[in-house]
Amino acid sequence: MLNTPRSRRGMVTSPHHLASQAGLHVLRDGGTAIEAAVATAAALAVVYPHMTGIGGDGFWLIAEPGREPVAIDACGGAGHAVSLDLYRRHGHATVPWRGPLAANTVAGTIDGWREALAISARWANPLPLARILEEAVAHAEGGIPVTASQEALTREKLPELKDVPGYADTFLTGGEPPREGSLLKQAALGRTLRRLAAEGLDSFYQGPLAASIAADLERAGSPITVADLAKHAARPRTPLSVGIRGARLFNHPPPSQGLASLMILALFDRLGVTEAEGFAHIHGLVEATKQAFLVRDRDVGDPAFMAAEAQSYLDAGLLDDLAARIDPARALPWPYVAQPGDTVWLGVVDGQGRAVSMIQSVYFEFGSGVVLPDTGITWQNRGASFRLEEDGWNALSPGRKPFHTLNPAFARFDDGRSMVYGTMGGEGQPQTQAAVFSRYAMFGQGLQAAVTAPRWLLGKTWGDASVSLKLESRFDPALVAALRDAGHEVEILEPFTSTMGHAGAIVRHPDGTLEGATDPRSDGAVAAW
């Protein structure tokens, strides 16, 4: 039996224990769920630098009891000089994954924090920004013990990162990956966080700090300018939603893949599966994933370029038609090659029941690899996903937002419970959400058990071109055989591999009791009081 932590006054879950504690300390100081989420996100940018940073993008779902949830789109667009001609002049047929030309979109994360804190200020008197960022600053200036995952990923990605401007000076020790447990200080990043606390979060985009950021980007060879920074603004959005038996599910609208996450669970709900962990459960979710991804990859991207509103794809009749295409006994052939990505998800619920589901990312491990020397900011490479085409899905053009794998999830149950849940893991995010939610909400497993249970991933993993159905080795061999017999190309991975994402969840019961879970595949923890 896996025990699920419980509390009454507030709870945080994230993929690093120090970040969870930073959020909890803000709650204990009287902060709201949003303020605690910003503290957690800021700490993650320091203590988990291979997975996230303030030079990336973010997506929020924020929910108050008795009100409809609100989304915040903190995704930056391509710079005004980011054109097809730019890459042709440099001899590129595709956007490079690493380096300055991969750093081609504005980092939206910080303005997402600002927009969220503006909502928080309507709930309660705000804590000083310096207090919210206090522990992130302390970790940056005082140093953090390097995690095993940071050492391993630094070593694995060293050939493609070591020569990128600023990377070696920040994340290598004597030209080598830092050892697990060694101390990593990020003094420049600490100074930047102090400046943000003193000057305000909008200083990231306008004023002397923005000028410093833009100057370092230019020296590195990135096309992002101070004018691009000044034009950026995070935007409140209406979440996508869909009803299933016993609950209503919410997720972030495009350019995220939240639509796919909702479609998977809505399609699976229509299959009438009654038992967890058997063939019908795993096969059903995998086949629902295929149907959802076919829609996502054809139609989802920057909403300004989509042919139809994303919510229209959650029409009951359309979902019925897609569910009818799922063969309960045979696998649909699957040629799709997915995109990789790295990210962090965090969840917070405060004592008043206000909830945050938030995800923040620099895309690949260490993003573009470009680290700005004056500010210590690692810049994302989300724009590397753009296609160098004149038009069509995710085609590059100035100002356009790239397609995102990021999608924070939230659910309200008919019995009064509410749930924030999510994961890192790029292509695996909607699949892991479906695994955790179905196990807990549809089949009654404990919350921690639902997160810890073996998982699967349809599609590509990091550094691997295969599009097989990957299963952790803890699955029943009879189930594995049945999946193969049904036509799934099954590949077995080691148990508790981070390939399957770093998931987490918090459930609030009608009496105010909180339950939380964190992923043993991560360095995370549930922090509660």
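Let's start in helix α6 (residues 134-142), where Glu135, Ala136, Val137, His139 and Ala140 are buried; here "buried" means under 20% relative accessible area, with exposed over 50% and partly exposed in between (1.4 Å probe, protein chains only). This is a predicted model, in which local features need pLDDT of at least 70 and side-chain atom pairs count only at pLDDT 80 or more, while totals for chains, interfaces and linings use all residues. Residues are numbered from 1 along each chain as its sequence is written, and side-chain values use heavy atoms, with hydrogens and water left out. Helices (H or I, at least four residues) and strands (E, at least two) are DSSP runs, numbered from the N terminus.

**Around helix α6**

- The buried residues of α6 pack against α1 (17-28), α2 (33-47), α5 (129-132), β5 (144-145) and α9 (187-199); contact means heavy atoms within 4.5 Å.

**Glu151 in helix α7**

- Glu151 belongs to helix α7 (residues 148-161).
- Is Glu151 buried or exposed? Its relative accessibility is 14%, so Glu151 counts as buried.
- Leaving aside neighbours within four places in sequence, Glu151 is in contact with Val146, Pro177, Pro178, Arg179 and Glu180.

- Strands of a sheet pair through backbone hydrogen bonds, either parallel or antiparallel.
- Here, two strands pair if DSSP finds at least two bridges between them.
- Seven strands make an open sheet with antiparallel pairing, and their order is β1-β18-β17-β13-β12-β9-β8.
- The edges are β1 (6-7) and β8 (240-244); each has a single partner strand, so one side of each is left without a neighbour in the sheet.
- β8 and β9 run antiparallel and are joined by five bridges, and Ile244 stands opposite Ala247 in β9.
- Helix α12 (residues 258-269) packs on this sheet, where it touches β8, β9 and β13, and its direction makes about 10° with that of β8. Axes are lines fitted to C-alpha atoms, for helices over the stretch in contact, and angles run from 0 to 180 degrees between N-to-C directions.

**Strand β12 and its partners**

- On one pairing, strand β9 (residues 247-251) is joined to β12 by five bridges, and the two run antiparallel; Phe250 stands opposite Phe410 in β12.
- β12 also pairs with strand β13 (residues 418-423) in the antiparallel sense, over four bridges. In this pairing, Ala409 stands opposite Tyr421 in β13.
- β12 and β13 form a hairpin with four residues between them, and Gly416 in the turn has a positive phi of about 100°.

**Ala247 in strand β9**

- Ala247 has its place in strand β9, and at 6% relative accessibility Ala247 counts as buried.
- Not counting residues up to four places away in sequence, Ala247 touches Val242, Arg412, Phe413, Asp414 and Phe437.

**Helices α13 and α17**

- Two packed helices are described by the angle between their axes and the distance between the axes.
- The axes of helix α13 (residues 279-299) and helix α17 (residues 477-485) come within 10 Å and cross at roughly 45°. That makes α13 oblique to α17: angles under 35 degrees count as roughly parallel, over 145 as roughly antiparallel, 65 to 115 as roughly perpendicular and the rest as oblique.
- Phe279, Ile282 and His283 of α13 make the contact with Leu479, Ala482 and Leu483 of α17.
- By class, this contact of α13 with α17 has five nonpolar, one polar and no charged residues. Ala, Val, Leu, Ile, Met, Phe, Trp, Tyr, Cys and Pro count as nonpolar, Asp, Glu, Lys and Arg as charged, and the others, Gly among them, as polar.

**The three-stranded sheet**

- Three strands form an open sheet in the order β14-β15-β16, with mixed pairing.
- β14 (456-458) and β16 (490-493) are the edge strands, and each pairs on one side only.
- Strand β15 (residues 469-472) pairs with β16 in the parallel sense over four bridges, and Leu469 has Val490 as its bridge partner in β16.
- Helix α17 lies across β15 and β16, running at about 150° to β16.
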